[in-house]
Amino acid sequence: MDLAQLSQSGPRVADFLDRMFPPNLATSETELRPFPPPLQLAGKAVALTLQISILGTAIGTCTAFLLGFFAAENLTPHWVHHSVKMGFALLRSIPVIILALLFVAAVGLGAFPGVLAIAIHSIGMLGKLFAEECEDVYGGVWEAMDSAGANWLQKIRYAIWPQVAPQYFSLMLFRLDMNIRDSAVLGFVGVAGLGLWIENYRRSFDYASVATMVLITMLVVLVVEQASIQIRRRLR
Amino acid sequence: MINLECLKVRYDRNSPVLTIDSLRINRHERVAIIGPSGAGKSTLLRSIKGYVRPDEGKVEVLGVNFRSAKRHEWRRVNRKIGLIYQQFHLVPRLTVLRNVLCGRLGYANPLRSLMGIFSGEDVHIALSAIREVGLEDILHQRADTLSGGEQQRVAVARMLAQQPSIILADEPVSSLDPVRAENILELITKVHAHHDTALIMSLHQPQLAKQFAQRIIGLRNGRVIFDGTCDELDNSKMEEIYRGDNIISINNTLAGSRPAEAGSA
């Protein structure tokens with residue numbers, strides 16, 4: 001870290017903030033700019049970001065739901081839960097932005113690579129947490145179902161699922177609110193949504209519009225986070 | 001119905017925790033297994049259920065030898081052996097009816113039961129089991145809102161829904177107070193009398209064994225050292241079973257025990 005650079009950058013930071021303020025709140029084009037004003041695009045961009053994160057979370061949750069049972073050490077033999085857990089760790093180890101970069105290269109620009117990146121990343125985290133929920137379940141019920149002649153799937157359905165369902169929903173909502181934040185960042189590598197517009201405005205040095213988009217992103221994240229907290233509180 | 005021969009069970013390389021030369025239990029018998037902690041009571045019950053694999057000997061239950069049985073044969077016999085646990089093992093977030101329906105899982109259509117659908121016959125059997133334990137008024141109450149005694153009744157009803165040929169009870173009343181304990185044992189023996197089953201229960205309190213069983217098996221260090229009727233279990237036999245344990249309290253419990261009842265309760 002160069003302290004001299006920090007001391008010299010004061011005026012530049014001030015200039016930067018000055019250019020961001022006031023945020024661009026125009027609803028129609030008042031002057032010639034490369035992109036339309038942010039408030040004109042915000043609705044579509046927010047909807048797209050929400051769609052990407054909701055779809056990615058849904059795919060991630062469903063897959064993690066199925067695989068999670070195989071990763072729980074009280075439900076499957078050692079080699080099964082060990083390998084599935086390793087798989088989850090591998091998926092978690094790749095940052096979501098790098099996943100998005102790879103998928104953009106593989107399937108092209110747009111919303112789809114974002115959905116894939118978010119889904120894959122969510123599987124790694126949710127799978128691990130779902131498995132841990134199963135491991136915490138009181139084992140006596142499992143044996144009682146076994147005693148009644150239930151098969152493996154029936155035991156999962158009746159001994160495990162009723163006890164983990166509230167926590168599963170809670171974790172899913174938590175992941176959704178993380179994914180909304182993540183999907184905003186994915187715009188920087190070409191995934192459609194709020195992040196892409198922040199990046200477009202930044203490239204055209206339209207910092208007032210960047211400020212508006214950042215504020216909108218913050219608002220969306222706050223609203224979703226509050227909603228998720230309220231729903232999770234009711235699930236308990 | 002149950003036939004154990006030359007049975008040896010080890011949990012590790014040490015000496016066996018259960019050694020039984022020969023033990024037969026017939027249909028309609030009401031058996032109590034007593035003995036100090038660690039005598040092998042639970043191991044014996046779990047061997048009969050097929051949860052513990054013997055290292056040597058034969059465990060034949062309902063005509064199937066567990067040592068040579070195929071998995072599907074064991075499963076078929078397994079659902080006919082009802083087990084009542086000390087800790088009830090109910091699904092906390094499910095209702096009484098749903099918990100009892102779980103007893104039908106061994107019979108229900110696997111795919112439909114996964115979707116939570118049970119046949120009319122299964123529901124009918126579950127409902128009559130709930131009626132038998134007297135819980136028909138709280139059918140739709142969640143299990144985790146019930147008292148200990150009610151939870152044990154649900155556990156008995158779930159076991160009944162299995163339509164068992166053998167009822168095993170692993171210290172069924174040790175987590176209940178004395179009055180509730182007697183009520184539950186009365187219920188279990190009543191249920192046994194109504195259905196065509198053998199009842200084998202491990203009990204911690206000898207006086208309850210004398211009160212509710214016809215035949216008593218005394219275990220010590222994994223060996224059967226007493227097998228006879230309640231009348232044959234006198235003070236000297238008791239001392240032999242519980243040697244080294246608190247004899248005074250055992251004498252007290254014997255003095256306070258009621259004469260053994262003949263026939264069903």
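Predicted model: local features only at pLDDT ≥ 70, side-chain atom pairs only at ≥ 80, totals over all residues.
On the side of helix 3, the residues taking part are Leu67(A), Gly68(A), Phe70(A) and Ala71(A), and they meet Val80(A), His81(A), Val84(A), Lys85(A) and Phe88(A) of helix 4.

Buried residues of helix 9 are Leu194(A), Gly195(A), Ile198(A), Glu199(A), Asn200(A) and Tyr201(A). What do these buried residues pack against? Their partners are helix 3 (38-71), helix 8 (152-185) and helix 10 (207-235) of chain A. After helix 9 comes Phe205(A), which has a positive phi near 55 degrees.

## Aromatic rings and charges

Counted over all chains, the structure holds 13 aromatic pairs. One of them joins Phe70(A) and Trp152(A): the ring centres are 5.5 Å apart and the planes stand at 40 degrees, so the pair is tilted. This pair links distant parts of the chain, since Phe70(A) sits in helix 3 of chain A and Trp152(A) in helix 8 of chain A, 82 residues apart.

Elsewhere, ring pairs join Phe65(A), Phe69(A), Phe130(A), Trp161(A) and Tyr168(A) into a cluster.

Rings can have charged neighbours too. In chain A, the charged end of Arg157(A) sits over the ring of Tyr158(A), 4.6 Å from its centre. In chain B, Arg79(B) lies over the face of Tyr107(B), with 4.3 Å to the ring centre.

## Backbone details worth a look

Most residues other than glycine have a negative phi, and most peptide bonds are trans. With that in mind, a few places in the backbone deserve a visit. The peptide bond from Phe21(A) to Pro22(A) is cis, with omega near -5 degrees. Pro22(A) belongs to the loop between helix 2 (10-20) and helix 3 of chain A.

Chain B has its own examples. Phe88(B) has a positive phi, near 65 degrees, and is not a glycine. Its loop runs between strand 6 (81-84) and helix 3 (96-101) of chain B. Glu171(B) likewise has a positive phi, about 45 degrees, although it is not a glycine. The loop that holds Glu171(B) lies between strand 7 (166-170) and helix 7 (178-194) of chain B.

| Residue | Relative accessibility | Class |
|---|---|---|
| Phe88(B) | 8% | buried |
| Glu171(B) | 12% | buried |
| Asp177(A) | 3% | buried |
| Val104(A) | 14% | buried |

Asp177(A) lies in helix 8 of chain A. Which residues does Asp177(A) touch, leaving aside its neighbours within four places in sequence? They are Val224(A), Glu225(A), Ser228(A) and Arg232(A).

Val104(A) is found in helix 5 (residues 96-107) of chain A. Beyond the neighbours within four places in sequence, Val104(A) is in contact with Leu109(A), Pro113(A), Val189(A) and Val191(A). Gln154(A), in turn, is 50 residues from Val104(A) in sequence and 41 Å from it in space, C-alpha to C-alpha.

The last stop is Tyr138(A), in the loop between helix 6 (112-136) and helix 7 (139-147) of chain A. Tyr138(A) counts as partly exposed, because its relative accessibility is 40%. Setting aside neighbours within four places in sequence, Tyr138(A) is in contact with Gln163(A) as well as with Gln87(B) and His89(B). Along the chain, Tyr138(A) and Ala159(A) are 21 residues apart, and their C-alpha atoms are separated by 8.9 Å.

Notes
Residues numbered from 1 in each chain as written. Chains lettered and ligands numbered in written order. Heavy atoms only, no water. Buried < 20%, exposed > 50% of the residue type's maximum accessible area, 1.4 Å probe, protein only. Helix = DSSP H or I, 4+ residues; strand = E, 2+ residues; numbered from the N terminus. Contact = heavy atoms within 4.5 Å. Phe/Tyr/Trp six-rings, centres within 6.5 Å; stacked < 30°, edge-to-face > 60°. Lys NZ or Arg CZ within 6 Å of the ring centre and 35° of its normal.
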